Amino acid sequence: MSDRVKIGITINGAPHEGEAPARMLLVDYIRDVVGLKGTRYGCDTSNCGSCTIVMDGKSAKSCTFLAVQAHGRELTTIEGLAEGSELHPLQAAFQEAHALQCGFCTSGMVMSAHALLSQNSDPSPDEIREGIIGNLCRCTGYVPVIEAVQLAARRLDPKGGNP
Ligand code: FES
Ligand code: FES
């Protein structure tokens, strides 16, 4: 008997139909079945946050879900942010504020920030720290990441009052 399960998800705005082994992790499904390699797999202990995506509007560590649990849900990965060759304001801000070095954590960091800004357009530095608390970075020291999120917030919501 096959242990493969049919799943239907919306990913980066497009419908996707497929099937996955019942025990396949969502991060593996996104990377190896859907082929979106921007979502990273950094640990297998749900610690690092490099696998973070947005699921139904909230940040989610895709290594903590089975692929079948995504059935019927709406997912956004890092590939869903840019408009063609134009970077999303968060991506541009990370670049401008030097908020990445090796880049391994960056897609997860950006997706956590994206979920945060969708719920709070003018977060304080402490709220940003809280928003990225599940994302580890061994390179930047986090300060430029906070600056990048503030920069993106100002551009996305110029009336927000963020200094
Ligand atoms: S791969 Fe590290 S938290 Fe998911
Ligand atoms: S930029 Fe290297 S781990 Fe964050």
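This is a predicted model: local features need pLDDT of at least 70, side-chain atom pairs count only at pLDDT 80 or more; totals for chains, interfaces and linings use all residues.

On the domain 1 side, 19 residues take part in the contact, and on the domain 2 side 14 residues do.

Now the interface itself. The size of an interface is often given as the accessible area lost when the parts come together. For domain 1 and domain 2 that buried area is about 1200 Å², with carbon and sulfur atoms giving 60% of it. Which residues of domain 1 lose the most area to domain 2? They are Arg40, Thr52 and Ile78, and together they account for 37% of what the domain 1 side buries.

Two strands, E3 at 52-55 and E4 at 58-61, each supply at least two residues of the domain 1 side that touches domain 2. By residue class, that side of domain 1 has 11 polar, 5 nonpolar and 3 charged residues.

E3 and E4 bring me to a loop residue. Aspartate 56 sits in the loop between E3 and E4. Its phi is near 50 degrees, a positive value in a residue other than glycine. Aspartate 56 has a relative accessible area of 44%, so it counts as partly exposed.

Serine 46 also deserves a look. This residue is in the loop between helix H1, residues 26-34, and E3. The phi of serine 46 is near 60 degrees, again positive and again in a residue other than glycine. Serine 46 is partly exposed because its relative accessibility is 33%.

Last, isoleucine 7, in strand E1, residues 4-11. Is isoleucine 7 buried or exposed? With a relative accessibility of 2%, below the 20% cut-off, isoleucine 7 counts as buried. Leaving out residues up to four places away in sequence, isoleucine 7 touches a run from His16 through Glu17, Gly18 and Glu19 to Ala20, and also Tyr29, Ala67, Val68 and His71. Of these, take glutamate 17: 10 residues separate it from isoleucine 7 in sequence, and their C-alpha atoms are 5.9 Å apart in space.

That is what I have; questions are welcome.

Definitions and conventions
Residues are numbered from 1 along each chain as its sequence is written. Chains are lettered from A and ligands numbered from 1 in the order in which they are written. Side-chain values use heavy atoms; hydrogens and water are left out. Contact means heavy atoms within 4.5 Å. Buried area is the accessible area (1.4 Å probe) that two parts lose on being put together, summed over both. Helices (H or I, at least four residues) and strands (E, at least two) are DSSP runs, numbered from the N terminus. Ala, Val, Leu, Ile, Met, Phe, Trp, Tyr, Cys and Pro count as nonpolar, Asp, Glu, Lys and Arg as charged, and the others, Gly among them, as polar. Buried means under 20% relative accessible area, exposed over 50%, partly exposed in between (1.4 Å probe, protein chains only).
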